[in-house]
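Subject: Structure handover

Hello,

Here is the structure I promised to pass on. Please open it first, then read the notes below.

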Amino acid sequence: MATQSHSLSYAGCNFLRQRLVLSTLSGRPVKIRKIRARDDNPGLRDFEASFIRLLDKITNGSRIEINQTGTTLYYQPGLLYGGAVEHDCSDLRGIGYYLESLLCLAPFMKHPLRIVLRGVTNDQVDPSVDVLKATALPLLKQFGIDGESFELKVVRRGMPPGGGGEVFFSCPVRKVLKPVQLTDPGKIKRIRGIAYSVRVSPQMANRIVDSARSILNKFIPDIYIYTDHMKGVSSGKPHAAALLPPGCSLLALGPVSPILLLSPPHSLPQAPVGWRRSPVRSGPILLHSAASTRPRSCSCVIFAGGCIDSTNQSLGLLLMTLGQQDVSKVLLGPLSPYTIEFLRHLKSFFQIMFKIETKPCGEELKGGDKVLLTCVGIGFSNLSKTLK
Amino acid sequence: METKDQKKHRKKNSGPKAEKKKKRHLQDLQIGDEEDARKRNPKAFAVQSAVRMARSFHRTQDLKTKKHHIPVVDRTPLEPPPIVVVVMGPPKVGKSTLIQCLIRNFTRQKLTEIRGPVTIVSGKKRRLTIIECGCDINMMIDLAKVADLVLMLIDASFGFEMETFEFLNICQVHGFPKIMGVLTHLDSFKYNKQLKKTKKRLKHRFWTEVYPGAKLFYLSGMVHGEYQNQEIHNLGRFITVMKFRPLTWQTSHPYILADRMEDLTNPEDIRKNIKCDRKVSLYGYLRGAHLKNKSQIHMPGVGDFAVSDVSFLPDPCALPEQQKKRCLNEKEKLVYAPLSGVGGVLYDKDAVYVDLGGSHGFQESDEVRPTHELVQSLISTHSTIDAKMASSRVTLFSDSKPLGSEDIDNQGQWMPKEEKQIDLETGRVRRKAIFGDEEDESGDSDDEDDEEMSEGDKLDNGSSADESEEEVDAEMTDKVYMAGKGVKRQRLEMDEDSEVDLPAFADSDDDLERSSEDEGEAEEADESGEEEDSTAGKRDILESSVVGDRSKPRLLQTDGLSDGLNLENPLTIKKATLTTSDSGHCTAEEAFASEDETEESSSLSTEGEDSENEEVIRKKFPKSSKVASGQRLGSENLIDETSDVEDLLKEEEDYKEENNYSTETSGALKWKEDLSRKAAEAFLRQQQATPNLRKLIYGTVTEDNEEEDGDTREELGGLFRVSQPSGECKHKLDSLDCSRFHVEAPHDWDLEEVMNSIRDCFVTGKWEDDKDAAKILAEDELYGDFEDLETGDVHKGKPGPDTQIEEVEEVKEEIDPSAEESAKKKHLDKKRKLKEMFDAEYDEGESTYFDDLKGEMHKQAQLNRAEFEDQDDEARVQYEGFRPGMYVRIEIESVPCEFVLNFDPHYPIILGGLGNSEGNVGYVQMRLKKHRWYKKILKSRDPIIFSVGWRRFQTIPLYYIEDHNGRQRLLKYTPQHMHCGATFWGPITPQGTGFLAVQSVSGIMPDFRIAATGVVLDLDKSIKIVKKLKLTGFPYKIFKNTSFIKGMFNSALEVAKFEGAVIRTVSGIRGQIKKALRAPEGAFRASFEDKLLMSDIVFMRTWYPVSIPAFYNPVTSLLKPVGEKDTWSGMRTTGQLRLARGVRLKPNKDSLYKPIVRQKKHFNSLHIPKALQKALPFKNKPKTQAKAGKIPKDRRRPAVIREPHERKVLALLDALSTVHSQKMKKAKEQRHLHNKEHFKVKQKEEEEKLKRQKDLRKKLFRIQGQKERRNQKSSLKGPEEPSK
């Protein structure tokens, strides 16, 4: 009999998504033990269960075993199936939590994935849908995943406690990926952004735009920030204690290379309770201070730099790994802990190691040190796709 | 005489040279133009017909595009592995002879017995691995998958044989390597014409199979049992210059054709159980793609395995060094065939075996030039180790008798003894274990240090004390603890020092990292060792004291010993062996190397690096020694100190790691608080981009864990360590799973400087020199002419590029003399190059998509080559895996013992690497076609053997065909001349992979053995093959259009599932199931388009999913005993089983054929009504003959009654007539007789008459003749006769 490739074993619920995604792609079963074993409320949380359910929906033939307390999970991956799927995400985490993993899996389905995700579009913890749309999609395009049906659409916006947002994501299927050489981040030519507001006055968004411009203008004059105000049904579920802060995400565009550089993904720090009901006069002040933190964190991201922003580092590295047996290179800012763990996981799942070189910034004032990551792809081919 | 022998020079009358001459001659005569027909007669070449021209153009374009292949990235390695040449043919065709001749041709050596692959160097850049392929279909299939070139031997005196065609088909399915036919036995033809005809016939048949124009080589005959030298030479030449196209499967998978096998199983295990699973190591050149350590492989004929270890070895059959010369010299003509016992060097993990064959043609020492030194040193090392070990023991035990007797049998206790000396001095029980291990580790980890340090250094260091020990102590006693802290602080500074002073350390990631890995291992070993040793307890102290006395004499051997210990460590401490990771091999080797150096170190010459290192060490040691002296009086033990120095170095490195580590473990460790105050911003930067980022990510595996857990690690067992590369798992185990990176120390972005730090990220910032527009502009202004010209051009509005170019050229000419400075020249060159590039591009017109793609691929290929070129193999292997062309050694565990016991070198051993999830099993769907030469059709659910990917396995396929609506309908048998689908449960293989199927791989079948071929289409975890199911029912109550139907279902639930389904009667009335009825179980109400009859049968057509039997049985032919390897038989088909058991199928009686008995049919007469008859015309009226009625009485004649008289008369007359007739009869007979006699007489007379006449005539003629003769004579004699 064919030996079933031996399973990997991990402990703890951290990096659950990484492990399950890599397991699905590599075909190696994974066992995760001690999930919040010492917690008062042990076992998998709702959002994790929802994630596992989502995985089950998009795959065929996967085996998932969870013990009584939910502290141990065994996952034997099936083949990625895709097709038209609808999924209600947990409101505890943003849709970004689910979408990040879907972005890793979607190009390797049997049928092109067309998924409707419902839940929280923008929250404090996960990268918001707008950010992913602005950064992850162009990144995937670098790897040859492109086409008419490749889109991410925010149908409705939903904010944390209530949710009610809706996102449509469709992605074509590819058999092989192109190797990439993203070593020159280029210069930021213009800054584009989107300022959204939900269930507040549309003027709020404009104020955000103004305050953001005031800071960013010091760097570059070519700034355009769209405002996106959603009303009625498309503004998510009303919630009694809903705090619906307006948000904004900006992206800077490089000149020559079509690389989309940066996304300042940080949502607002939690606004004070009752902010919405506060008198009108204090509103703009609060808003102004909140908005001005945003460009700051933006410049922080620019300081970190690199060709891929920190949120999508792991996605980029994964797609490099899954490329043909060619050399891929990418220049990144400082590696996030999530990426570092992801690199380790890549080694255990695919036996792949990245060559890591630090590129100190020279005389140029380009922000922090950069890391050049190089790898040879494993020659991955989409085993799910049907040959006609 | 001599002048006659010399040939007279003949002028060439044809060929390029002659033509050239002729042309020149004509030109000299000024009639050169006449030569060119195009010029002479231009009208003849003018366009005659636009249509024809279009057509011819179209045709040339078609031909051109036909030649295009999809461009692929050229991934062939710079030093490619030997080309696999498979020599294939039916028995007794001359395969072995050909191989022998080829080897002799290339190497001038004669191999009498050839077993397994033979690798030879055939040219400056090419090596060949020649292997013979017999007629076992297993072998044919396996070798077709790895072959680069197939030499297909054909017995011309016999013609093609089945094996040839089978092999061709196998090749076709698995990618079609280059195939070259070789005709042998051509000397058996007597007549040249017959030979020619046969050649032509065979050639054309061969062409239809391979491709038109495929090379077919003729070996005309044998001389002294060998083929003719010239022909073999030519063949060899063909092979060496042959070009190959990459095959998809081969280039995407790593594979090895093993040329050596070793059993590494512990002999004790074999003794206990001869059938125990074995651990084997296999050697061979890696081919195809990069091989990763710990990946999965498949051995055709054996099964799937995980690689437990891979290491690369020096090339045993290396290509000659690149030199500029035309051919190889004798020394470089290597041959390597360990299975045949040929080939000088065998590399083992820790030893080298040199076969010093008597053959003078094969001079060992010179051939392996690149590895020569290594080999020699290794050989010497090997011997010295043994010597040392032996000597050390002797000396050890000679001093202490009781000790020797106790410990000789137990090596595990011998090791701690060494360390116990230290124990005595410090007076700590615990330390000895640590020290012992640390000493080992230091040997392990500090190989580089060992290498670099000279003996003198070590003596220097001798004054310094043992620090690492103290650190351990520090944890135990307070006083010492303080000191330990001091040490730590100092080290903090030293760390910085080292980073400044040791650029080599800081920059060369790989060396450092490797060493750190070793440390990681060492630490693990340390811990585990600790426990063991502590159990060893105090008992050994006494013994150690004895040893301590003679510490000085032992100094000479210290290094050897410590290294020896390192080698033995794995044996004694099991944990350590477990934890050694894949780099274990390297460390072992390094250990050897280092040992070597220390041996010769009496006259060791320190190199540049070494001296640097020394300095550093000297700098540090004063400090460390201070601390040490505070703690302890001058130590006598020099060994300890040297090792401690190493420990110190090591710990510094550790510390550095920890530094890096701290990026994540924020505030987890005590020392970090101190550090954070001191390091501040610089540290933050360091944190973000430390030179050892790699170590942070991949290295120092469980360091943190170990420090914190200590004993608890034991409880956790191996589970954690297997797959927990993260150090911080403790604190981060259950933290939030979020990809966002929160920067801990955000800068204050309101400050101007901080803001300036990213100023250059924007287009408004400063640009690089080569990109800065302003600068380029400024530079260009040096040569104002250019700018002026271009602007001038623009002004003139001359878009024509030609004029522009010309002008530029003119300008250049103008400038050239003026431009004297070298910088200017350089700039000019650059410009010219750019212009040339532009021109080239412009002239070619727009480059096609194909060209672009090709260029892209070329670029990628170059990048692939260049990326890791400058790194040493050790590091390279980690990043990209083992690259093809390397000679590797692969260790595999738990191989069935039969593989070793029944090892037959004639059978190829192939290790095929498996891609991701190719080791998994699932449903595979494929497009299949029964081979047109296979005699039978294939039946669903009959087990059949597939060859897909690397594997050969038996499985049970189901055949299906896809209906127009996408439904996959089960077939009982494969269709005859059509493709059909097939699904089986088996190993996942990528789509697009070809496969073939054979009914059985055992024995010899009379006919063509390949049953089916095809391609993998889809992989899935579920299948939807259906077969038709008809449910029938009968009406039991009929209303108008509604009927109640029973007998179709068994329960109301079943009916409910089929509500609304379409049903039909046999007579064709359509209807629909409405609702279940209560009364008879399973009955339902249905409505139809018409009223039914009670006799109608109602049926419903449904589709029933078929399940595929999950049967997958790899063909384990290599496990069969020698000589029976072609007898593997797996599951038998039901038909075979029935035949074997003599069980006859009990057929359904109704389906039996019976003799047809037809009853005689009686037709009634046709009755036509009278009225109709009357109406009919006469012609058509039935002609009924009226029966002859009775003759009326009046017509009837009366009977005559004669009178008695009359009666008498009548009687008399009667008598008379009888007499008369009798008389007449007699007379007639007599007359006849008479006539006969008369005739005879007459005949006789006639004969006599004729005879008489004849005689008469004879006489007459004779006389006449005589007369004539006489006349003649007289006439001849002339006038003389008359006178007579």
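**Sheets and helices**

In S5(A), Arg63(A) has Gln76(A) as its bridge partner. The model is predicted: local features need pLDDT of at least 70, side-chain atom pairs count only at pLDDT 80 or more, and totals for chains, interfaces and linings use all residues. Residues are numbered from 1 along each chain as its sequence is written, chains are lettered from A and ligands numbered from 1 in the order in which they are written, and side-chain values use heavy atoms, with hydrogens and water left out.

A note on labels: helices (H or I, at least four residues) and strands (E, at least two) are DSSP runs, numbered from the N terminus. Two strands pair if DSSP finds at least two bridges between them.

**The sheet with S1**

S4(A) and strand S5 (residues 73-76) of chain A run antiparallel, joined by four bridges. They belong to an open sheet of four strands, ordered S1-S2-S5-S4 (chain A), with mixed pairing. Strand S1 (8-11) and strand S4 (63-66) of chain A are the edges; each has a single partner strand, so one side of each has no neighbour in the sheet. On average, neighbouring strands here are turned by 10° against each other, direction ignored.

Helix H1 (residues 16-26) of chain A lies across S1, strand S2 (30-33) and S5 of chain A. H1(A) runs at about 165° to S2(A). Axes are lines fitted to C-alpha atoms, for helices over the stretch in contact, and angles run from 0 to 180 degrees between N-to-C directions. Contact means heavy atoms within 4.5 Å.

**The sheet with S7**

Another open sheet has four strands in the order S7-S8-S10-S9 (chain A), and its pairing is mixed. S7 and strand S9 (151-156) of chain A are its edge strands, each pairing on one side only.

Strand S7 (residues 82-88) of chain A pairs with strand S8 (residues 111-119) of chain A in the parallel sense, over six bridges. Ala84(A) has Arg114(A) as its bridge partner in S8(A).

In S10(A), Glu166(A) stands opposite Arg118(A). Ser170(A) in S10(A) stands opposite Arg114(A).

H3(A) lies across S8, S9 and S10 of chain A, at about 170° to S8(A). Helix H4 (residues 129-142) of chain A lies across S9 and S10 of chain A, at about 170° to S9(A).

**Helix pairs**

The axes of helix H2 (residues 46-58) of chain A and helix H3 (residues 95-105) of chain A come within 11 Å and cross at roughly 30°. H2(A) and H3(A) are therefore roughly parallel to each other. Angles under 35 degrees count as roughly parallel, over 145 as roughly antiparallel, 65 to 115 as roughly perpendicular and the rest as oblique.

Helix H7 (residues 313-321) of chain A packs against helix H8 (residues 337-350) of chain A at an angle of about 20°, with their axes 9 Å apart. H7(A) and H8(A) are therefore roughly parallel to each other too.

Best wishes
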